[in-house]
Amino acid sequence: MKLARRTITAAAVSAVTLAAVLTGCSSESTESTDASASGSECVDATLPNATADEIVDVLRPQPTGEEDETYRQLVAQFEAGRAAEVERVQSSSVFAGVPEGGDAAFVTSVCGQPRWDAATTADGVEVPSVRGQRAAIASAGHTFCDTYEQLLPSAESTEAWSDWSGYVEMMTRGDDSEDAKLLYSSALENICPQFAG
């Protein structure tokens, strides 16, 4: 029982880490002082639902300076697994079940949050805002829904939680801000409403 609970927690940490990668944020980043970085117009708020290719391409490595050998290796690894990952997303019940306009509605509701602002990491790397990157914010919503679906069987078997509210409580430990809760409530409402019951 304790081992299963630890497994759920580890998976949750992995999901949060993945969401941070998708959103371009990091716990080591600080908000940019550039006033233009705090704009709240998001490209996905005006576009149809993202394709599986667009969702996967959010994870494509981006250069943070010179394109060195490490960067080239990361790109090669991404490309080697890209087709399989696109297939996985396409076959996902979450992806298939997103209502028409669901991605745009999710993005519209969370676009103004500062988590999407440009930032500078602790080691001085400039991280641009993802508001103009196709599917970057929408893919975060998909990740929240996919993670719920993946964790639910283990959570129910260990009686850790059995519904969306229990999932959100677990995932927002350490950050129970209204912004954090809005991410999950908006994902449920707009991207995976099938989990609301």
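User: Where does Trp116 lie?

Analyst: This is a predicted model. Trp116 is found in the loop between H5 and strand S2 (119-121).

User: Is Trp116 buried or exposed, and why?

Analyst: Burial is read from relative accessible area, with under 20% counting as buried. Trp116 has 1% relative accessibility, so it counts as buried.

User: What is the overall layout of the protein?

Analyst: The protein has eight helices and three strands. Along the sequence they follow the pattern α-β-α-α-α-α-β-β-α-α-α. Of the 197 residues, 38% are buried. For contacts between residues at least 6 apart in sequence, 76% join residues at least 24 apart.

User: How does the length of helix H8 agree with its number of residues?

Analyst: A helix is checked by counting 1.5 Å for each residue after its first one. H8 covers residues 178-190, and its 13 residues should therefore span 18 Å; the end C-alpha atoms are 18 Å apart, which agrees.

User: Which residues of H8 are buried, and what covers them?

Analyst: The buried residues are Ala180, Leu183, Tyr184, Ser186, Ala187, Leu188 and Asn190. Their cover includes helix H5 (102-110), helix H6 (136-157) and helix H7 (164-171).

User: At what angle do H5 and H8 pack?

Analyst: The packing angle is about 160 degrees, and the axes of H5 and H8 are 9 Å apart. Angles over 145 degrees count as roughly antiparallel, so H5 is roughly antiparallel to H8. The crossing of H5 and H8 is right-handed.

User: Which residues make the contact between H5 and H8, and of what class are they?

Analyst: H5 contributes Gly102, Ala105, Phe106, Ser109 and Val110, while H8 contributes Leu182, Leu183, Ser186, Ala187 and Asn190. By class, the contact has six nonpolar and four polar residues, and no charged residues.

Notes:
Residues are numbered from 1 along each chain as its sequence is written. This is a predicted model: local features need pLDDT of at least 70, side-chain atom pairs count only at pLDDT 80 or more; totals for chains, interfaces and linings use all residues. Side-chain values use heavy atoms; hydrogens and water are left out. Helices (H or I, at least four residues) and strands (E, at least two) are DSSP runs, numbered from the N terminus. Buried means under 20% relative accessible area, exposed over 50%, partly exposed in between (1.4 Å probe, protein chains only). Contact means heavy atoms within 4.5 Å. Axes are lines fitted to C-alpha atoms, for helices over the stretch in contact, and angles run from 0 to 180 degrees between N-to-C directions. Angles under 35 degrees count as roughly parallel, over 145 as roughly antiparallel, 65 to 115 as roughly perpendicular and the rest as oblique. A crossing is left-handed if the near helix is turned anticlockwise from the far one by less than a right angle, and right-handed if clockwise. Ala, Val, Leu, Ile, Met, Phe, Trp, Tyr, Cys and Pro count as nonpolar, Asp, Glu, Lys and Arg as charged, and the others, Gly among them, as polar.
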